[in-house]
There are 2 protein chains.
Amino acid sequence: MRSPSPTSTDPLDSHPALIPHYGAGHRLCPVTNTQLTLVLSQEREIDLVELEQLCDAVGWSRRPLRRVRKALEHSLLRVGLWRHDARMPRLVGFARCTGDGVAEATVWDVAVHPRYQGTGLGKHLMVYVLDQLRAMEVERVSLFADPGVVDFYANQGWELEPMQRRCAFWYSP
Amino acid sequence: MRSPSPTSTDPLDSHPALIPHYGAGHRLCPVTNTQLTLVLSQEREIDLVELEQLCDAVGWSRRPLRRVRKALEHSLLRVGLWRHDARMPRLVGFARCTGDGVAEATVWDVAVHPRYQGTGLGKHLMVYVLDQLRAMEVERVSLFADPGVVDFYANQGWELEPMQRRCAFWYSP
């Protein structure tokens, strides 16, 4: 099966033929290009080399792969966005969360490949992330927004610095 | 052994007699009251009822104990501050971190019992937390500071909103 209906009118749709690739909890992203199938999944394993290529593409600094592996293993949630191909799906988006899975989760490393930006995929990615956290019954989700993406999050209902709360960072020497 | 030297001149000191109670990595807090021994430890298990009493004392809302238990289990680090007594140590301070143990850790729920506030214990608690995270080789530690404690963290070298980064929260409906 190479082409599950990418023109589904229900953006929350999944496709049975994609389950072997992405797990039962995957979600198709609505796309206008009918040649394209874009799939969100927290079940499909993230290939570390592909993730590094994605991070390169968005301009993030590299980390040793063994440290990336450990960070992913210790994350509460890892979500990939793949351009589907039955033989070689390609990772074009990513996000992960740390947290206790109860009271708190924090979103990190939200990335969409530049070639796929500007079509609402970042928003679909965030909706999918929050749906997974909601299913875990996490009470509160937090993130740190760089100036360029503050509006992106505010437009999706994130509260900026509620109660004048400010963020603080400590960097390892 | 009821009274290990509480007047140690080295605030980083530990005491062999306290190891059975608090583990080898405990740290004594310097105190002026020689009747008092205050001990930081990430090894001694946190009693959930005691933690609830501490949270009540600082005015935090309660959570079901089973959810608190799960949140602690899924935390990267749990630190208690105890007023030492060989028969019944008393929890008078607390902090915990979530995170991946590699790139990120986030500090939550920093509390010192009101009766013990104002003597620098909060600072000792934070120094101990950061020392544990440094030992794990965590690259960056973050927290969300309420208006009343922004100066507390800023004075300890935390960078507030570096690069105009802002915090955002999403609350589960």
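A search of the whole structure finds 22 salt bridges over all chains. A salt bridge is a side-chain nitrogen of Lys or Arg within 4 Å of a carboxyl oxygen of Asp or Glu. The model is predicted, so local features need pLDDT of at least 70 and side-chain atom pairs count only at pLDDT 80 or more, while totals for chains, interfaces and linings use all residues. Residues are numbered from 1 along each chain as its sequence is written, chains are lettered from A in the order in which they are written, and side-chain values use heavy atoms, with hydrogens and water left out.

The area buried between chain A and chain B is about 5,000 Å². Carbon and sulfur atoms give 54% of that area. Buried area is the accessible area (1.4 Å probe) that two parts lose on being put together, summed over both.

Ten salt bridges are found across the interface of chain A and chain B. Helices (H or I, at least four residues) and strands (E, at least two) are DSSP runs, numbered from the N terminus.

Individual pairs were then examined. Asp100(B) forms a salt bridge with Arg96(A), with the closest N and O atoms 2.7 Å apart. Asp100(B) lies in the loop between strand S4 (90-99) and strand S5 (104-112) of chain B and Arg96(A) in strand S4 of chain A, so the pair joins two chains. Asp100(B) counts as buried, at 0% relative accessibility. Arg96(A) is buried too, with a relative accessible area of 3%. Buried means under 20% relative accessible area, exposed over 50%, and partly exposed in between (1.4 Å probe, protein chains only).

Arg165(B) forms a salt bridge with Asp146(A), at 3.0 Å between the closest N and O atoms. This pair also crosses between chains, from the loop between S7 and strand S8 (166-171) of chain B to the loop between S6 and helix H5 (150-154) of chain A. Arg165(B) counts as buried at 8% relative accessibility. Asp146(A), at 37%, counts as partly exposed. The side chains of Glu139(B) and Arg67(A) meet in a further salt bridge (3.2 Å, N to O).

Strands also pair across the two chains. Two strands pair if DSSP finds at least two bridges between them. Six bridges join S8(A) to strand S6 (residues 140-145) of chain B, and the two run antiparallel. In S6(B), Ala145(B) is the bridge partner of Arg166(A). Two bridges join S8(A) to strand S7 (residues 159-160) of chain B, again antiparallel. Here Glu159(B) is the bridge partner of Phe169(A).

Other salt bridges lie within a chain. Arg140(B) forms one with Glu104(B), the closest N and O atoms being 2.6 Å apart. The pair links distant parts of the chain, strand S6 and strand S5 of chain B, 36 residues apart. In chain A, Arg27(A), Asp131(A) and Arg134(A) are linked in a network of salt bridges.
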